[in-house]
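User: I would like to learn how to read the features of a protein model, going from the sheet to the helices and then to the whole chain. Could you give the general idea each time, and then the case at hand?

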Amino acid sequence: MNKKQLSGYVSDIIEDIKENGDKAVYKYLKKFDGVDLSLKGYKISKKTIDDAAKRVSPSLKNAIKSSYLNILSYHKYEYLQIKKSWVRNKNGVKTGQFYSAVESAGIYVPGGKFPYPSTVIMTAVPAKAAGVKRIVMVTPPNNISDEVLYAAQLCGVTDVYGVGGIMAIAALAYGTQTVKKVDIIAGPGNAYVNEAKRQVFGRVGIDSLAGPSEVAIIADKSVPVKYVVADIMAQVEHDAMAKAYLFCESQSKIGKIKEALPKEALSQVEIELCSLDKAVEKVNKIAPEHLEILVENYLKLVKNIKNAGAIFAGYQTPTAAGDYWAGPSHVLPTNASAKFSSGLSVMSFLKRTTYIELNKNNAKAYKEIADFARCEGMKYHKESADIRRS
């Protein structure tokens, strides 16, 4: 399916759900997921969530809780760095800005080969730290595992719906008899989800159009081969579209890495012999989602990185640390968009409002405003300034 066909296909489903609500949602759930939920409904009950949480093993609960607390702590700290700012210019005009959270957010948790409780935490927690009051989660029916529901419960997700793909995005954007529309949609997805997010943008906000996943690895001559191999394999196991780049200064090391990698993985990896400085140049051009700097003197390189979604510094820091546990959200810019955008954060769920305050002593300001209005032929703009000078 080419881009034009994809766009039309997605548009037709969105319009159907926009016009017919749940009736259309049930139709597509049966068509794409093979489930008939027309009698049961696709909202997951509180009892189902509570029962699921009880079935999660204590050790996994501890891991999920630890991840949750790390990510919440990080994003709370991020929120504290966002301050109101006020300034009075030389003309006595007071200006400034302040931030407020969106009222509602929809988080998309993709399905696939495995359940993704990590994505629940990585999308819901930044929204929670920002102060979003209503956080709803959508995920395909086959992704509703005990672990996913426990993560949703832990993060304070308001409602959970067992619907994914284009249908989920349309329901969040326009609302149905079951789903109340939201203000912003966040979370990764496949090409259909991304196209749906692109089409509903404007009706709602979106975080980004993320995917497929990618990692770039800069490796020196001393890096343990097993670290590089494990990190490449961790990347390519996402799916067949996942991509890995390896820039290494040692031909001998490259040879050992190639020998250790399974042949079927090599098609998803680009390997290049180059100096560490040249590797930095190449990384800044690629602007990867994840960047591992597996280098002894990694801080020397970090300071020259301009374009990357997230940096994993030193031999002991695998991408998996960011995927699950460290703190910053793992929803990151892909396809070179790290050149102009950032990963999901508290800021994704905040709106900035500017503030302007004049007073009767601002005669010079009113005159200059009137001069601009006269230049542009805006009679009443000019009058609104002039009457305040008198």
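Analyst: Two strands are taken to pair if DSSP finds at least two bridges between them, and helices (H or I, at least four residues) and strands (E, at least two) are DSSP runs, numbered from the N terminus. The model is predicted, so to speak of local features pLDDT must be at least 70, and side-chain atom pairs count only at pLDDT 80 or more, while totals for chains, interfaces and linings use all residues. Residues are numbered from 1 along each chain as its sequence is written, and side-chain values use heavy atoms, with hydrogens and water left out.

User: How many bridges join β8 to β9, and how do these strands run?

Analyst: Strands of a sheet pair through backbone hydrogen bonds, either parallel or antiparallel. Here β8 (residues 214-219) and β9 (residues 243-248) run parallel and are joined by six bridges, with Cys248 of β9 as the bridge partner of Ala219. Between β8 and β9 the chain passes through helix α9 (residues 225-236), and this β-α-β crossover is right-handed; that is, with the strands pointing away from the viewer, the path from the first strand over the helix to the second runs clockwise. Strand β11 (residues 290-294) also runs parallel to β8, through five bridges, and there the bridge partner of Ala219 is Leu294.

User: In what order do the strands of the open sheet lie, and which stand at its edges?

Analyst: The order of the five strands is β10-β9-β8-β11-β12, with parallel pairing. β10 (269-273) and β12 (310-313) are at the edges, and because each has a single partner strand, one side of each lacks a neighbour in the sheet. From one strand to the next the twist averages 15°, where axes are lines fitted to C-alpha atoms, for helices over the stretch in contact, and angles run from 0 to 180 degrees between N-to-C directions. Helix α11 (residues 276-286) lies across β8, β9, β10 and β11, and runs at about 165° to β8.

User: Why is helix α7 described as largely enclosed?

Analyst: Helix α7 (residues 165-174) has nine of its ten residues buried, so the rest of the structure largely encloses it. With contact meaning heavy atoms within 4.5 Å, these buried residues pack against α1 (3-20), α2 (22-33), β3 (104-108), β4 (134-138), β6 (184-186) and α8 (191-200). After α7 comes Gly175, with a positive phi near 80°.

User: What is Ser67 in contact with, leaving aside its neighbours within four places in sequence?

Analyst: Ser67, in helix α4 (residues 58-80), is in contact with Ile121, Tyr324 and Trp325 once those neighbours are left aside. The relative accessible area of Ser67 is 4%, so Ser67 is buried.

User: Which totals describe the whole chain?

Analyst: The chain has 15 helices and 13 strands, and 45% of its 390 residues are buried. Its C-alpha trace spans about 85 × 60 × 45 Å along the principal axes. Among contacts with a separation of 6 or more, 70% come from residues 24 or more positions apart.

Key. Buried means under 20% relative accessible area, exposed over 50%, partly exposed in between (1.4 Å probe, protein chains only).
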